[in-house]
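Q: Please give me a close look at one part of this model, and spell out the cut-offs as you go.

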Amino acid sequence: GISITGGREMKKWLNRLYEKSELRFALVWIVIYCAANSFANPISEAIGIDSSAALLFNAIFTIVLFMWIKEKGLMQYYGLCSTDVSAGKFLWYVPLILFMSRNLWLGFAVNLPAVDTVCYILSMLCVGFLEEVIFRGFLFRALAKENVNQAIIITSVTFGLGHILNLFNGSGMDLIANICQVIGAISCGFLFVIIFYRGGSLIPCIIAHSVNNAVSVFANEAEFTVEKRLLLSVVNMVIVIAYALILCRTLPKDKNKGAVQAPK
């Protein structure tokens, strides 16, 4: 009874927030997501299982948002649907496959115990879904109502800068690695929003994002010297930005695909 009542109240709160302002809805979810994942690292450390708290938070958020989007009839609006653009137009997603494998370019390593590894992978799969829906879905759609080009820039930069939190949330990331992550996230954010806006589907972005994050648990960190990290970041940026620019020239320019209105 309590869980059902809580679920109903949550749904009512989401509906009220969304109906007042799509932009406010997006910003509130960004704050909730960032805050929860910042607290997750020390909680997981206290539990003794890496990513355990992050998995709990992100799994709950994933279920809540997916069910809410589905019940509101917003699956197509937020890109949780297939694209009608042929795979050939996307270069058969080969650059995305390269992006997904980038954490293994310097080799494979087992960095965590089995249970921790499973928690990390499952949490990162949820993160891929949540970050795409929140940034490319909620935030981009809200901003694109006024100006699409500004929406593309703002969502890309906001997504990248959000990763600065990894310097302070107990993740253990050093400054150079974080700078590379932020710059890489901005370029990836630009690519993903182009894929969504011009193709109408977030699914390729969710898959690429989730897999890239999940396999990072097997990255050979011993080989990631500062020089190699910087070099790999440059290579990744070249691939991502070149792919985004190619898609800008080759994908359909029908703006209706990217400006579909939310159901009333």
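A: Let's start with exposure: a residue is buried at under 20% relative accessible area, exposed at over 50%, and partly exposed in between, using a 1.4 Å probe and protein chains only. The model is predicted, so local features need pLDDT of at least 70 and side-chain atom pairs count only at pLDDT 80 or more, while totals for chains, interfaces and linings use all residues. Residues are numbered from 1 along each chain as its sequence is written, and side-chain values use heavy atoms, with hydrogens and water left out.

Now for the charged pairs. Side chains of opposite charge can pair when their charged atoms come close. The structure holds 7 salt bridges, each meaning a side-chain nitrogen of Lys or Arg within 4 Å of a carboxyl oxygen of Asp or Glu. One of them joins Lys 72 to Glu 19, at 3.8 Å from N to O. This pair links distant parts of the chain, 53 residues apart: Glu 19 sits in helix α1 (residues 2–20), and Lys 72 in the loop between α3 (52–71) and α4 (94–100). Helices here are DSSP runs of H or I with at least four residues, numbered from the N terminus. Glu 19 counts as exposed because its relative accessibility is 58%, whereas Lys 72, at 27%, is partly exposed.

Glu 132 and Arg 136 form another salt bridge, with N to O at 2.6 Å. Both lie in helix α5, 4 residues apart, which means about one helical turn separates them. Glu 132 is buried, at 0% relative accessible area, and Arg 136 is buried too, also at 0%.

Helix α5 (residues 114–144) has a partner in helix α2 (residues 22–47): their axes come within 8 Å and cross at roughly 155°. Axes are lines fitted to C-alpha atoms, for helices over the stretch in contact, with angles from 0 to 180 degrees between N-to-C directions. Among the α2 residues in contact (heavy atoms within 4.5 Å) are Phe 25, Trp 29 and Tyr 33, and the α5 side includes Ile 134, Phe 138 and Arg 141. The residues of this contact divide into 15 nonpolar, no polar and 3 charged, where Ala, Val, Leu, Ile, Met, Phe, Trp, Tyr, Cys and Pro count as nonpolar, Asp, Glu, Lys and Arg as charged, and the others, Gly among them, as polar.

Technical notes: Helix = DSSP H or I, 4+ residues; strand = E, 2+ residues; numbered from the N terminus.
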